[in-house]
Amino acid sequence: MSHPDPYGSTEPRGWDRPAPALPWPDTDLEPGPWRPAPAAPTHPTEPGGYARPGAAPDTYAAPDTYAAPDTYAAPDTYAGPYPNSGRRHDGPGRYDGPPAGDRGRPDGPERRGPWGAPARDDEYPTAQIAPVRDEPTDQIPAVRDEPEPEPPPGRRGRGRRRASAERPPTNTPTTSRAGRNLPAAIGVGVALGAAVVVPLFFFMPAFLAVLATAVGIGIWEMARAVRRSGAHPPLAPLVAGGVITVGLAWFAGPDALCLGLLVTVLGTMIWRLGDGPGNYQRDLTAATLIAVYVPFLAGFAAMLAAAPGDGHLRVLVTLVAVVLSDTGGYAAGVSFGKHPMAPTISPKKSWEGFAGSVTAAAAGSAVLLWVLFDVAPWWGALFGMAISVSAVLGDLAESMIKRDLGVKDMSNLLPGHGGLMDRLDSILFAVPVAYLLLAVFVPVVS
């Protein structure tokens, strides 16, 4: 038996959307036992559901139970707009479509809403969208790469500073293929050559002062560089001993040169005792290396210049041979260098550059020794080859030291060259060889 309409209306309300079930009894309805709503909507034909269309309006089979008319066939079955079609909906993303009899029918059943009422078009906005068809791509014009527009003439490039009257433009120094500022290197080289040649020919004691100054600067650069390895050789005894060593070689010859080296090493050992036993062996080893490498080898240049009568010429031919070796090696290496000579020590040196060094030094020394000392050209060529080989070995030796210490240059004292030791490396290995060969080819006249 159906309950009367609590609102007193005589109009049927069978298709109106009922209010959702409440978890408590409705006080406006007839009191009765309360029970919670079922977990899933029940089938319309089961007891407790809505009456089908055409039944008595606004009647409930039982209070607080609800099932939409012809909407759900089972908990996992979806009836949709086609009542009792029995289409399965087994989970998200799976839908079997309309019944076989309704597929493809232009006059099929009208769409219905979720409550069985006819659906409006605004509830399904995608229903009026035309289906997407595959269009032929051969009619689409090809995409062409358009060139980027050039910046206006007055606009500066990214990362560049705008020059003005107060701020001049920045000029990047020109570097050569060897990685040096070539104009600055040439200017500094000419200045160094003048500082050596002018005292050598006009006032010999000034050359000794220039040599002692170069030794002191070289010792300072070496001591400063080896500190990167943790060694701290004492600078004061090294500089003082280096100057004494060069002076002894100038005035007393080879025996005094060896004595000066011994005095320098012993003085460094005694000086270092004041700093305690920590790292004593490492500091003394670095100090001995510096004493042998800089002042001892430079003492042979002092003995060359101290030769009576032609000492200045002996120094001149040695320096010219070293310069020809460096110049010939640079020119040949830049022009033809393809095979690295020692890639792990000096990657920029090549065998082609080495051949250029030997050839240039041999040719120049053959002519120079023949003109100045009346030595046969083949002996002069041998002298030049020996000087070139020793100069290249000296350059490689210093490159190995710098690579071991992790530095590119010994210092930045000379623009375009680095440190003074970067220019003395070839000369320091060349002067002992020159002293020995000239003592054989051109005996010293007492």
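What share of the contacts in the chain with a separation of 6 or more is accounted for by residues 24 or more positions apart? I looked this up first: the share is 62%, where contact means heavy atoms within 4.5 Å.

**Entry 1. Ground rules**

I note that this is a predicted model, in which local features need pLDDT of at least 70, side-chain atom pairs count only at pLDDT 80 or more, and totals for chains, interfaces and linings use all residues. Residues are numbered from 1 along each chain as its sequence is written, and side-chain values use heavy atoms, with hydrogens and water left out.

**Entry 2. The chain as a whole**

I listed the elements and found 9 helices and 4 strands. Helices (H or I, at least four residues) and strands (E, at least two) are DSSP runs, numbered from the N terminus. From the N terminus on, the order reads β-β-α-α-α-α-α-α-β-β-α-α-α.

I then looked up burial. Of the 446 residues in the chain, 34% are buried. Buried means under 20% relative accessible area, exposed over 50%, and partly exposed in between (1.4 Å probe, protein chains only). The accessible surface of the chain is about 27,800 Å², and carbon and sulfur atoms hold 63% of that. These areas come from the Shrake-Rupley method with a 1.4 Å probe; for residues, only the protein chains shown count as cover.

**Entry 3. The largest nonpolar core**

I found 60 residues in the largest nonpolar core, and Tyr293, Phe383 and Met421 have the most contacts inside it. Such a core is a set of buried Ala, Val, Leu, Ile, Met, Phe, Trp, Tyr and Cys residues joined through side-chain atoms within 4.5 Å. The elements that give two or more residues to this core include H1 (182–202), H5 (280–305), H8 (377–405) and H9 (421–441). Which helix gives the most to this core? H5 does, with 15 residues.

I took Phe383 as one example. Leaving out residues up to four places away in sequence, Phe383 touches Val317, Thr318, Ala321, Ser365, Leu369, Ala434, Leu437, Leu438 and Phe441.

I followed Leu438 next. Leu438 is in helix H9 and counts as buried because its relative accessible area is 0%.

**Entry 4. Ser325**

Is Ser325 buried or exposed? I have Ser325 as buried, because its relative accessibility is 1%. Ser325 is part of helix H6. Beyond its neighbours within four places in sequence, Ser325 is in contact with Ser357, Ala361, Ser388, Ala391 and Val392.

**Entry 5. Salt bridges**

I counted 4 salt bridges in the structure. The criterion is a side-chain nitrogen of Lys or Arg within 4 Å of a carboxyl oxygen of Asp or Glu.

Asp283 pairs with Arg272, and their closest N and O atoms are 2.8 Å apart. Asp283 is in helix H5 and Arg272 in helix H4, so this pair ties together parts 11 residues apart in sequence. Asp283 counts as buried because its relative accessibility is 4%, and Arg272 counts as buried because its relative accessibility is 4%.

Lys402 pairs with Asp422, with the closest N and O atoms 3.1 Å apart. This pair links distant parts of the chain, as Lys402 is in helix H8 and Asp422 in helix H9, 20 residues apart. Lys402 is buried because its relative accessible area is 10%, and Asp422 is buried because its relative accessible area is 3%.

Asp310 and Arg314 also meet in a salt bridge, at 3.2 Å from N to O. I checked both residues, and both are buried.

**Entry 6. Helix H8 and its end**

I looked up the span of H8. H8 has 29 residues and reaches 42 Å from its first C-alpha to its last, close to the 42 Å expected at 1.5 Å a residue. The expected span is 1.5 Å times one less than the number of residues. Just after H8, Gly406 takes a positive phi of about 80°.

**Entry 7. A surface patch**

Val197, Val198, Phe201, Phe202 and Phe203 make a nonpolar surface patch of about 520 Å². Patches are made of residues with over 30% relative accessible area and no salt bridge; like charges are joined within 9 Å, nonpolar side chains (Val, Leu, Ile, Met, Phe, Trp, Tyr) within 5 Å. Val198 is in helix H1 and counts as partly exposed because its relative accessible area is 44%.
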